[in-house]
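Please read them beside the sequence and the coordinates.

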Amino acid sequence: MTASPLPSALATHQVHGLLHQLTVIDVRTPGEYASGHLPGALNIPLDQIRRALPDIRQATDRGDVLIVCASGTRSQNACKLLAEQGIPSATLTGGTGAWAAAGHDLHRPAAHTGRAAWGMERQVRFTAGTVVLLGLALGLLVHPAFQLVSAAIAGGLVFSAVTDTCGMAALLGRLPHNRPRPSDLDATLAALRSG
């Protein structure tokens, strides 16, 4: 139990000295997590946070909870969801990107071999770019109406920037390579319970 609650957002230099005292939850996809995460972080993807609420609440009884992601956006969303449930947490400003940029180590699971997984932002950029190019090509080769596909993606990107949400990331997060195996999530929740 901590004497005073953490602020809602912490910078990397603040977290570095406290890391051993925190329960760190990484809300990125399993592939992103495997490509490098804060030491001791547990992977509970953002779309699985509701399932983990009782275990996260129990973890707050033992100490402070830090939520991390790649850049800070998903962790802020997770913190909002936890706050709505009365569960205090903090986010790492700038996410694992800021952590690595500050020169701190990222841990990778020993079993993780092969190619590094793409981060969600990169997956979104690739998918959006591919669909735009496809819409333009089909608009030139088949029918001009296909250019509306490109316009729809452009509109979606603007909406995403204005609202700081991303529907495409939510859809991509449901693909099999971005989802944890049920046994992996169960093991993570057991580790969270055991503290």
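Which residues lie nearest the centre of the largest pocket? The first point takes this up, after a word on the basis of the values. The model is predicted, with local features requiring pLDDT of at least 70 and side-chain atom pairs counting only at pLDDT 80 or more, whereas totals for chains, interfaces and linings use all residues. Residues are numbered from 1 along each chain as its sequence is written, and side-chain values use heavy atoms, with hydrogens and water left out.

1. The largest pocket is lined by 35 residues, and those nearest its centre are Arg-74, Met-120, Cys-166, Ala-169 and Ala-170. Its space comes to about 1,000 Å³, a volume being the space filled by probe spheres set on grid points joined across faces, edges and corners. A pocket here is an open set of points on a 1 Å grid over the protein atoms alone, where a 1.4 Å probe fits, with protein on both sides within 12 Å along at least five of seven lines; lining residues have an atom within 4 Å of a point.

2. Helices α3 (49-62), α4, α6 (120-141), α7 (147-163) and α8 (167-172) each supply at least two residues of that lining, and α6 gives the most, with six residues. By residue class the lining divides into 16 nonpolar, nine polar and ten charged, where Ala, Val, Leu, Ile, Met, Phe, Trp, Tyr, Cys and Pro count as nonpolar, Asp, Glu, Lys and Arg as charged, and the others, Gly among them, as polar.

3. The chain has nine helices and five strands, which follow the pattern β-α-β-α-β-α-β-α-β-α-α-α-α-α along the sequence. These elements are DSSP runs numbered from the N terminus (helices H or I, at least four residues; strands E, at least two).

4. The five strands form an open sheet in the order β1-β5-β4-β2-β3, with parallel pairing. Strands β1 (9-10) and β3 (42-43) stand at the edges with a single partner strand each, so one side of each is left without a neighbour in the sheet. Two strands pair if DSSP finds at least two bridges between them.

5. Within the sheet, β2 is joined to β4 by four bridges, with Thr-23 partnered by Val-65 of β4, and to β3 by two bridges, with Ile-25 partnered by Leu-42. From β2 (residues 23-26), Thr-23 and Ile-25 point one way and Val-24 and Asp-26 the other, and all are buried (under 20% relative accessible area, with exposed meaning over 50% and partly exposed in between, for a 1.4 Å probe and protein chains only).

6. Strands β4 (residues 65-68) and β5 (residues 90-92) pair in the parallel sense over two bridges, Leu-66 having Ala-90 as its bridge partner in β5. Helix α4 (residues 73-84) lies across both strands and runs at about 140° to β4, the axes being lines fitted to C-alpha atoms, for helices over the stretch in contact, and angles running from 0 to 180 degrees between N-to-C directions.

7. Two loop residues deserve a look. Ser-89, in the loop between α4 and β5, is buried, with a relative accessible area of 16%. Leaving aside residues up to four places away in sequence, Ser-89 touches Ser-8, Val-65, Ile-67, Cys-79 and Leu-82, a contact being heavy atoms within 4.5 Å. Gly-40, in the loop between α2 (30-34) and β3, is exposed, with a relative accessible area of 59%.
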